[in-house]
Amino acid sequence: MSGDHFYCLDPHGELAPELFYEYEGITGFVFTTNQPDTVPIYRWMRPGDHFYTADPTGELAPELGYVSEGIGWYMYPTQKAGTIPLYRWRSTQIPDHFYTTDPNGELAPALGYIAEGITGYLYPSQSSGTSALHRWMHSDMFRTFIFNNTITAAQRRTLLERHAFAYYRSGICNNLNEEERTRVREAYRRAITHDINTDPNANASAIIGGSQIWVNFDNLFPLGDREIAQSLLHEMMHCAGYNHPVRRNTDVPGDGGAYYNSPPLRAELCIAGIQSDAGTTLLSLAPYAGEPRACPVVSVENQP
Ligand SMILES: [Zn+2]
């Protein structure tokens, strides 16, 4: 937590992904419109810091050069049944305000942050009429990624956002063991080059142990957010050095066999959880060879 923390209702993080913010999960659940007894939380920004307060005049923000960005969300100014406090901290080292429901402030005290009280009260889990408040942190971690110049700005933004989500999920995923988790997260710190794959039978491809991912945008992007994140994490597992055998027609999701139990396939389960939606998730994971869902592993001699 070494940079600006940004909180928003947009599940895609507004501009955060392309500004090299790292996704840090859901802080809690808040209201998107005014409700009985709620107050607006106003959002302010100056380069390097986002600041949120219930004070309509922004406390000291205007005189410190912060620009108003309107209302971020709505929450209770006093505690209601089922809600918990959102604590505010301020760094003494960098221009960062940090908000967390952890009464101990996570790592904030150890990093020189000062407690600044409670901003409001929110729900720790989904409650009727609430939306997730997403947290991002400026860590510069995807700044090393490289994108071929035929990849559009919009495609690049989606790739960064889906990588950020996949990276976050890989860190909390029980389907990967500690070594697998560490290795793929280390791969995310490398300069991974993104290029275009035109193989009609591929969603994406990568070289085992390489630093390059090829994406077939025509095949992959129409499949939606979940599939994009699954495929990117799968290919990042290849970059981290993990392989899988060619899928046989007898391989079945969940069979524990060499294909479905391989690290890249298990990593795909990190994206959407495990058993609850395993039916739809697993069916789309890994197609029969020759069908458009396959991940054809390419060798160094056989690049697209
Ligand atoms: Zn693969």
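A residue counts as buried when its relative accessible area is under 20%. In this predicted model, H134 has a relative accessible area of 9%, so H134 is buried.

**Around H134**

H134 belongs to strand β9, which covers residues 130–138. Its side chain is joined to that of Y23 by a polar contact of 2.8 Å. Leaving aside residues up to four places away in sequence, H134 also touches F6, Y7, C8, L9, D10, P11, G25 and I26.

**Helix α2**

Helix α2 spans residues 178–187, and its buried residues are E180, V184 and A187. Viewed down the helix axis, these buried residues fall within an arc of 55°, so they line one face of α2. An α-helix has 3.6 residues a turn, so residues three or four places apart point the same way. The exposed residues E178 and E179 sit on the face turned away from the buried side of α2. Among the elements covering the buried residues are α1 (153–171), α4 (225–239) and α5 (263–272). At the N-terminal end, α2 is capped by N177, with a side-chain oxygen 3.0 Å from the backbone nitrogen of E179.

| Pair | Atoms or groups | Distance |
|---|---|---|
| H134 and Y23 | side chains | 2.8 Å |
| N177 and E179 | side-chain oxygen and backbone nitrogen | 3.0 Å |

**Helices α4 and α5**

The axes of α4 and α5 come within 8 Å and cross at roughly 145°, and the crossing is right-handed. On the α4 side, the residues in contact include R226, L233 and M237, and on the α5 side they include P263, L265 and I271. Sorted by class, this contact has ten nonpolar, three polar and two charged residues.

Note on methods. Residues are numbered from 1 along each chain as its sequence is written. This is a predicted model: local features need pLDDT of at least 70, side-chain atom pairs count only at pLDDT 80 or more; totals for chains, interfaces and linings use all residues. Side-chain values use heavy atoms; hydrogens and water are left out. Buried means under 20% relative accessible area, exposed over 50%, partly exposed in between (1.4 Å probe, protein chains only). Helices (H or I, at least four residues) and strands (E, at least two) are DSSP runs, numbered from the N terminus. The arc is that of the directions from the helix axis to the C-beta atoms. Contact means heavy atoms within 4.5 Å. A polar contact is a pair of N or O atoms within 3.5 Å; within protein, one must be able to donate a hydrogen and the other to accept it, and residues adjacent in sequence count only if both atoms are side-chain atoms. Axes are lines fitted to C-alpha atoms, for helices over the stretch in contact, and angles run from 0 to 180 degrees between N-to-C directions. A crossing is left-handed if the near helix is turned anticlockwise from the far one by less than a right angle, and right-handed if clockwise. Ala, Val, Leu, Ile, Met, Phe, Trp, Tyr, Cys and Pro count as nonpolar, Asp, Glu, Lys and Arg as charged, and the others, Gly among them, as polar.
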